[in-house]
Amino acid sequence: MRWPEPLTTFRRAELSIAEKLRQITWSMLFFIVLIGVFGFAMLYSAAHSVDPWAMRQGIRFLFGLVILVAVSLVDIRVYLRYAYAIYGLAFMLLVFVDVAGEIGMGAQRWIDLKVIQLQPSEVMKIALVLALARYFHRLSADTIGNPLTLIVPIVMVFAPVGLVLMQPDLGTAVMLVLVGAAMFWVAGVRLWKFVVVALAGAGAVPLAWTFLHDYQKNRILTFLHPESDPLGTGYHITQSKIAMGSGGLGGKGFMKGSQAYLNYLPERQTDFIFAMLSEELGMIGGVLLLLLYTVLFVYGYAIAFNSRNHFGRLLAIGITINLFCYVFINMAMVMGLLPVVGVPLPLISYGGTAMLTVLFGFGLLMCVYVHRDLKIGQRGLGDDS
Amino acid sequence: MNQEKARSLVFTRRAALLGGGQILLLSTLVGQMYQLQIVESDRYTVMSDDNQLSDRLLEPLRGRILDRFGISLAENDHNYRVEVIPEKVGDLKQVLEQLSRFIPLTDEDRESILLDAKKRRSFVPIAVSENLSWHQLASIEVNAPDLPGVSIEVGQRRRYTQGRNCSHIIGYVAVPSEKDLTGGPFNPLLELPGFRIGKSGVEKQYDEALRGKQGSKRVEVDAVGRVVRELEDKRVEPTSGQDLVLSLDIGLQQFVQQRLASELSASAVVLDATNGDVLALGSAPAYDPSMFTRGVTVREWQDLMSDPLRPLANKATGGEYAPGSTFKMMVALAALKRGIDPNRHVFCPGVYSVGNTNFHCWKKGGHGSVDMYNAHKYSCDVFFYDTAMQTGIDNIAEMARQFGFGAQTGIDIPGERHGLIPDSAWKQATYGEPWYPGETPSAGIGQGFITATPLQLAVMAARLGSGRAIVPHFRRAAIVGAADTPAADEPPALDIPERHFEVVREGMRRVVNDQGGTAFRARIAEPGMEMAAKTGTAQVRHISMSEHLSGVRKNKDLPWQQRDHALFVCFAPVATPRYALSVVVEHGGGGSAVAGPIAHDIMLETQRRNPARANLGQKLAMTQKS
């Protein structure tokens with residue numbers, strides 16, 4: 001089928017690779033690289049050497065940047081078309097690890113692909129955003145008022161949440177719910193419906209509680225009463241707060257964090273890396289990093305507002321909220337504001353899948369920007385408007 | 001298109017609200033950062049330092065113990081030991097195999113080391129072998145490059161140079177017991193691994209001074225307690241313990257201890273009669289104190305405890321014996337004080353009666369008429385039965401107490417016993433009965449209720465010799481080279497007229513120096529070294545009336561435990577008494593036959609060595625220099 005003569009507004013959708021490259025917001029990429037460098041420096045400090053973390057993470061980061069650019073160059077309608085397929089694949093992978101974990105008699109969260117250890121729960125964070133964006137893209141403002149239309153997306157959110165909880169991975173489950181809720185919200189779902197779902201959810205808490213593993217129950221209880229377990233999970237939070245607090249305004253100096261270096265800080269290269277950063281670089285360093293993230297959030301919103309297609313808007317907001325959830329939950333957890341749920345700090349914490357997922361997300365964001373002027377009809381996949 | 005527009009509008013409005021929510025949440029993060037890193041920063045800084053820094057004690061060097069001439073009796077050896085740190089060793093088994101080429105390692109040793117390595121955290125060093133010889137040390141050092149994780153550490157170990165020769169005086173050090181740890185105020189030094197405290201003898205008596213003061217170092221530790229580095233500027237070096245100089249003459253002590261070894265169980269005390277310096281104090285059998293520093297085995301301990309000769313006991317201060325005839329001088333002095341004439345004669349028919357009870361003299365047939373001088377010389381029992389009856393128990397007891405009986409002498413080692421001097425008040429208090437006159441004659445010959453330690457006997461001899469209320473002591477000066485002080489404050493004179501002393505001293509002189517005296521065989525013939533003495537034979541068993549009639553059994557016919565104790569007290573030279581001595585041979589038999597020769601040898605040796613000679617301070621100063 002021949003496409004009609006493109007209007008100026010459509011032109012960008014049919015750009016050549018070289019033209020698309022010119023459309024990429026290199027300034028946003030600059031900020032991403034800045035955070036990446038921040039992370040590289042902290043991982044170097046954590047080991048006082050490029051081994052074992054900084055170098056590997058650096059290579060992954062460069063690899064991730066290539067993926068980012070590649071993802072952004074693909075036509076956005078491709079993502080729209082394959083959104084459910086990607087979601088389905090992620091879902092299957094989640095089922096796979098759950099079953100494998102069941103057989104292996106222990107919690108398992110990743111699939112060993114030799115080159116990389118793939119965490120399906122990380123993949124699902126992006127897949128859910130894609131699937132919900134596609135679903136709400138096709139709903140008109142009228143139909144969205146019909147509660148029945150919400151059944152499918154609610155299942156889309158809670159089915160993977162259930163699987164992730166079985167792993168058990170509380171952090172990812174919370175993130176999926178929050179990202180899902182944010183997308184429902186911007187799609188125009190009325191507030192009272194959230195209240196209904198929330199009440200239903202609250203009613204399900206006692207039921208869910210019985211499904212939680214003991215260590216998860218302990219984490220929540222410890223969060224509520226940290227003094228009850230000074231040497232267990234509470235110890236981690238306490239040591240993390242000591243690390244941050246002793247850093248003060250200006251920090252103890254790069255590579256001079258005693259809490260981190262002397263191993264008082266648990267998981268200093270992964271979930272608690274922000275505590276080490278705050279110890280060594282102080283509040284100034286912490287706020288600086290937070291500002292860098294905020295710049296990326298602003299980019300996310302700007303891209304969402306500039307997109308002329310609803311899929312792109314929803315996708316951009318979903319990706320942005322996803323990133324925000326990472327940052328907020330991780331930092332709040334390290335500061336003792338939230339229970340320890342195991343969420344990494346994006347682009348800083350050591351870990352392959354999380355980094356690639358985040359960079360893949362940025363790729364989608366960039367893709368929305370590159371194809372911001374493309375109009376896509378509600379029904380169609382961009383070829384019927 | 002309207003629909004599309006409406007949807008876009010809703011989206012924009014709601015996304016803006018969402019963004020506002022995010023800003024709110026980010027602000028709480030910044031707020032919490034402010035709270036932790038600005039408001040509470042000081043508190044967390046302190047907590048961080050507490051985490052990171054730890055003060056460790058440094059063990060002080062224990063003071064040495066020296067004899068009066070500066071000869072070392074107890075000192076500290078370097079104790080070189082091989083340690084392995086499991087986490088730094090690749091294959092512990094293989095490294096032990098390599099080490100066994102240099103040091104002996106039994107299979108059990110290896111097993112216990114491997115077991116230790118499993119139980120402890122992998123960075124905690126494990127001692128493989130202690131007390132390395134110089135050769136072993138050198139061969140391990142040379143091979144160090146091939147032995148990763150193996151290190152040589154140095155600690156201190158108490159070494160007793162004299163072994164068994166003065167184990168009862170010096171005592172020993174050992175790891176603090178549970179009681180030591182919880183008994184006194186908390187002392188972190190006691191918790192230090194390998195730290196040892198004085199458990200007996202002067203090691204215990206002067207433990208605080210010998211210990212010294214602990215130092216400390218501040219180290220940085222990581223979360224599992226591993227030391228990362230030391231903060232050099234925070235180091236406080238420990239203060240070594242003071243050296244302790246004893247009054248002991250180790251040469252004489254060796255002589256005494258070896259001389260006593262001819263008997264199964266015996267003790268002897270040599271005092272400076274003028275100032276109370278203990279020159280030698282022997283108790284046989286003795287034990288080897290070094291087994292306590294290396295750690296005594298259960299088997300060794302059981303053997304020590306079950307030995308009927310009680311090698312752990314210091315019999316010179318802890319043994320209580322009936323003084324027998326050596327007590328007679330007390331009766332004589334009490335009588336003189338009561339105004340009884342020393343020239344009063346008592347006829348000894350060999351037996352003395354109080355009421356229905358007959359008291360026998362040790363000499364069947366009796367001594368005939370004796371005065372106080374010859375009563376000492378022949379040790380006539382009947383004379384003292386009679387004199388005791390004339391004097392009364394309370395007067396005898398009062399005199400005995402003046403000479404140090406019935407109470408601890410106050411010598412500066414733990415475990416001294418006080419013996420017993422009975423009087424009417426004591427009898428009433430203990431038995432609820434009055435003192436019966438029939439009990440006095442036994443007291444007159446140092447039998448019955450009376451008991452005394454060999455040390456008390458030596459103190460009596462010294463006080464008889466010098467007329468001064470000397471108190472026995474081991475300690476001379478705390479620090480080598482310090483002024484030789486003890487002679488400075490002369491002990492006060494006893495409140496007894498000199499003429500009374502003269503009577504008793506003359507009696508004691510005759511005991512050894514006159515033909516027919518009970519200790520004539522033990523006399524010292526060297527001019528100027530003659531001694532004055534008194535023998536004693538303390539009965540351990542009851543001799544029945546029928547045995548008296550049929551003939552008292554000889555000691556050699558009795559089992560060891562039932563034989564008499566042999567006692568001997570003396571001072572010399574008789575003209576100007578300087579040295580006092582007591583000898584007690586447990587179940588040895590007759591005082592003159594058994595204890596006498598020992599006393600002779602010791603007193604002669606003492607005077608030949610003349611440990612109380614004047615140039616002492618000079619000698620000490622010389623040892624200090626070398």
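Buried residues account for 49% of the 385 residues in chain A. This is a predicted model, and its chain A is built with 15 helices and two strands. Take the contacts in chain A between residues at least 6 apart in sequence: 71% of them link residues at least 24 apart. Chain A also meets a partner, with 40 of its residues in contact with 35 residues of chain B.

**Where the chains meet**

- On the chain A side, 40 residues touch 35 residues of chain B, and helix 8 (170-187), helix 11 (233-247), helix 12 (258-261), helix 13 (273-306) and helix 14 (310-334) of chain A each put in at least two residues.
- Helix 13 of chain A gives the most to this side, with eleven residues.
- By type, the chain A residues that touch chain B split into 23 nonpolar, 14 polar and three charged.

- Leaving aside residues up to four places away in sequence, A:Met183 touches A:Val129, A:Leu132, A:Phe136, A:Leu314, A:Ile317 and A:Gly318.

**A glycine to look up: A:Gly300**

- You'll find A:Gly300 in helix 13 of chain A.
- A:Gly300 counts as buried because 27 other C-beta atoms lie within 10 Å, and the cut-off for buried is 20 or more.
- Not counting residues up to four places away in sequence, A:Gly300 touches A:Ala316, A:Ile319, A:Thr320 and A:Leu365.
- A:Phe362 is 62 residues from A:Gly300 in sequence, yet the two are 8.9 Å apart in space, C-alpha to C-alpha.

**Helix 2 of chain B, a helix with two sides**

- Helix 2 of chain B covers residues 41-52, twelve residues in total, and spans 16 Å from its first C-alpha to its last, close to the 16 Å expected at 1.5 Å a residue.
- Its buried residues are B:Ser41, B:Tyr44, B:Met47, B:Ser48, B:Asn51 and B:Gln52.
- Look down the axis of helix 2 of chain B and those buried residues fall within an arc of 130°, so they line one face of the helix.
- Turned away from that buried side is a face with the exposed residues B:Asp42 and B:Asp50.

**Strand 3 of chain B and its partners**

- Strand 2 (residues 65-66) and strand 3 (residues 72-84) of chain B run antiparallel and are joined by two bridges; B:Leu66 has B:Ser72 in strand 3 as its bridge partner.
- Five residues sit between the strands of this hairpin, where B:Gly70 takes a positive phi near 85°.
- Strand 3 of chain B also pairs with strand 5 (residues 150-160) of chain B, in the antiparallel sense and over eleven bridges; in this pairing, B:Arg81 has B:Glu153 in strand 5 as its bridge partner.
- With strand 4 (residues 126-129) of chain B, strand 3 of chain B makes three bridges, again antiparallel, and B:Glu83 stands opposite B:Ala127 in strand 4.

Conventions
Residues numbered from 1 in each chain as written. Chains lettered and ligands numbered in written order. Predicted model: local features only at pLDDT ≥ 70, side-chain atom pairs only at ≥ 80, totals over all residues. Contact = placed C-beta atoms within 7 Å. Helix = DSSP H or I, 4+ residues; strand = E, 2+ residues; numbered from the N terminus. Nonpolar A, V, L, I, M, F, W, Y, C, P; charged D, E, K, R; others polar. Buried ≥ 20, exposed ≤ 12 C-beta atoms within 10 Å, placed from the backbone. Expected span 1.5 Å × (residues − 1). Arc of directions from axis to C-beta. Pairing = 2+ DSSP bridges.
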